[in-house]
Amino acid sequence: MGTTPSRNKIDFEIVIKTGDVKGAGTDSNVYCCLIDCKGNKSRDLLLDVKWRNDFEKGSIDLFKIRNVPNIGKLESIELWRDDKGINDDWYLEYAQVKQITGVLANDLVNESILCNGFRYPKSNKNVNDNIFKNFLLPFPCHRWIKANKKYVLYAYDSLLPQFDPRTEQRKEELEDKKNKYAFSESSAGMPRRVANCPREENFSNDYKWDILGRKIKLLAQSKLTRLLTSDKWNSLDNFLHIYKGTFDIPHGYYNWDSDVKFGEQRLRGCNPTLIQLCTKVPDNFAVSNEMVGPFLDGSTFDMAIEKKEIFWVNLGFLDNLCCKNARKICSPMALFHAKKNGDLIPIAIQLFQEPSSINPVFLPSDPPYTWMLAKMYFNNADCAVHQSCTHLGFTHLVCESACVTVHQTLSPSHPVYRLLAPHFLYLIAINSLAVEKLLAPDGWIDITMTMGVCGLMEILKRKWINWRLDRDGWLPNDIKNRGVGDTTILKNYMYRDDGLLIHEVILKYVTEVLTTVYDTPEKLKEDYEIQNWAFCLTDEANGAGIKGVFGNGKFEELEDLIKTVSSVIFLGSVGHASANFCQYDEYAFPPNYPAIMNGEVPTSKAPYTLEDVIAQLPDKQTTLNIMVVTKILSDRGTNPLGDFEVQYQYNPDAIAAVQRFRRNLADVSFKIKERNKGLKNPYPYLDPEEVPNAISI
């Protein structure tokens with residue numbers, strides 16, 4: 001039982017964190033009521049310090065409370081505001097309450113608490129009462145507080161709906177969010193997007209994501225505005241004059257014309273998800289044993305296939321693609337041989353699907369610049385797939401679809417919402433900005449990429465129809481399905497090796513959190529919010545319509561939920577990092593990875609010259625556009641994986657899991673750094689210290 005408080009003594013300290021989102025602050029009067037586990041309530045407490053402007057965006061305010069009636073073990077609080085501020089909604093991130101008097105110290109918690117980074121069991125006799133007296137009991141919120149509406153918050157606020165007394169509050173807020181997070185009707189045939197960007201999704205500091213503004217600033221800093229002309233390049237050496245200041249020489253500049261580098265791009269470039277084992281060459285690929293035999297180190301083609309040394313990429317789905325301004329893009333196929341030293345070497349390229357006299361199979365023995373152009377046109381097609389699918393479609397947009405369904409079906413108090421929320425930070429905002437700026441008519445994609453926006457959308461539609469979360473979005477199955485898991489044959493596949501390490505850590509983290517939440521099968525089956533999420537993910541009529549969601553619309557087995565959550569986190573962190581952060585290194589030297597080609601596709605093996613190759617490159621202005629935007633896109637927008645910008649997890653078990661998650665990621669980071677020390681060309685892009693929590697650029 002408590003003691004009678006003194007009028008002069010501080011009984012409680014209440015800490016309020018206003019969210020760091022646009023429009024979060026308020027000038028309204030804010031009130032709080034404290035409620036103990038027996039339902040006893042304090043008086044209505046006005047939270048106000050007269051000399052201070054409280055509740056500003058991103059601020060943390062402390063209020064010292066006196067003269068409060070006896071309150072036992074604190075269980076929940078009520079928070080509300082009046083309508084003093086017109087259209088002045090308030091976004092509350094969390095409240096924390098320190099109980100100074102009124103209860104025995106050990107009554108502040110149930111089984112255990114987390115204090116100063118350590119978990120203290122209630123029965124621990126070595127814990128001093130002073131530790132408990134300084135304990136701030138958290139009441140996370142992450143909600144807009146509307147005028148004259150009382151919001152009940154529970155300690156840790158991580159409750160399954162069937163155990164939450166606030167049934168009506170959760171129902172009302174989900175109905176409201178279904179309207180705010182409604183799916184757009186204009187995204188048919190692609191991953192579905194939100195109709196309008198809700199205000200809580202907007203950037204707190206718009207300047208960081210102002211692509212046009214940053215582009216102008218970068219140009220001014222680098223003094224490269226003189227290149228804003230349509231002049232053609234005269235030689236490859238001229239490119240060295242534009243790499244200065246913030247524009248380092250991209251890695252793609254070095255050895256770009258070598259077959260080894262071309263093979264490396266399949267394993268550690270922007271688009272490392274297409275290479276697959278070749279078990280049989282299709283009839284429309286007019287390659288023969290005689291053609292490729294000389295490049296197989298004394299082996300025959302059939303023997304190399306039998307030994308699983310032959311890999312290929314087939315971009316047949318680009319056939320007959322309608323591009324911007326009637327440009328032509330190839331639909332190529334390429335064969336690669338995995339050498340014993342770890343190199344992956346191209347041995348044949350056919351630029352279109354149907355063999356003919358004007359569609360030959362190009363070989364490494366062809367005239368050097370003819371072979372070079374064949375590789376460049378292959379990479380030009382690969383670029384189109386990278387930006388359409390690997391980057392935009394299967395990270396940005398798939399994760400947005402998942403994000404929207406989470407908001408439509410899961411209360412912010414739901415443990416799975418709290419688990420996923422850090423990995424959706426700024427996602428919808430950056431997608432909205434990308435559509436507005438980069439995918440606008442005559443915008444960056446139209447200007448700098450062969451396929452243009454119309455081609456990009458068509459490529460994505462052609463691939464989305466067969467995309468599955470349980471195959472393409474689950475890395476172990478993706479590796480197995482493509483036949484690229486043998487590390488003794490296909491070596492130096494950094495995307496696979498580093499990705500699998502982090503995938504295992506993510507899976508372990510999600511498993512630890514969710515097995516604690518759903519410690520009995522009944523809790524999962526009776527969780528109607530999580531079952532609604534499962535259905536919404538797969539619902540093609542009104543939901544996201546994602547194929548291959550584990551459980552197929554029902555989470556009857558905990559493993560299906562764990563895999564689904566893990567997949568979403570992986571795609572938004574590791575999947576996006578692999579596709580995004582090497583863009584400047586790959587694209588900024590156009591011959592290495594040409595986004596656009598200005599010329600005719602080779603139709604014979606007639607010799608070309610270096611001048612012929614240079615003539616097909618984008619002009620100086622287009623090159624500069626490519627450099628600047630890929631430089632901006634290659635920046636990190638949020639904290640490294642596990643270092644969350646906004647804390648959503650407050651439950652002691654979940655916090656302990658987060659700490660183990662960070663330690664395991666640090667172990668992976670150490671392994672990758674040690675590996676990279678011995679590499680001539682390091683692969684840093686999937687070092688966990690370089691992988692952000694969310695897609696925010």
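Over which residues does the pLDDT stay under 50, with 51 contacts in the model beyond four places in sequence? That stretch is residues 103-133. This is a predicted model, in which local features need pLDDT of at least 70 and side-chain atom pairs count only at pLDDT 80 or more, while totals for chains, interfaces and linings use all residues. Residues are numbered from 1 along each chain as its sequence is written, and side-chain values use heavy atoms, with hydrogens and water left out.

**Confidence**
- The protein chain has an average pLDDT (the predictor's confidence in each residue, from 0 to 100) of 90, and 90% of the residues score at least 70.
- Residues 1-6 have a pLDDT below 50, and this stretch makes 14 contacts (heavy atoms within 4.5 Å) beyond near neighbours in sequence.
- Where pLDDT is low, the predicted coordinates should not be read in detail.

- E5 (residues 74-81) is joined to E10 by 4 bridges, and Glu78 stands opposite Val152 in E10.

**Helix contact**
- Helices (DSSP runs of H or I, at least four residues) H2 (residues 167-180) and H7 (residues 368-409) have axes that come within 7 Å and cross at roughly 145 degrees; axes are lines fitted to C-alpha atoms, for helices over the stretch in contact, and angles run from 0 to 180 degrees between N-to-C directions.
- Leu174, Lys177 and Lys178 of H2 meet His407, Gln408 and Thr409 of H7.

Definitions and conventions:
Pairing = 2+ DSSP bridges. Helix = DSSP H or I, 4+ residues; strand = E, 2+ residues; numbered from the N terminus.
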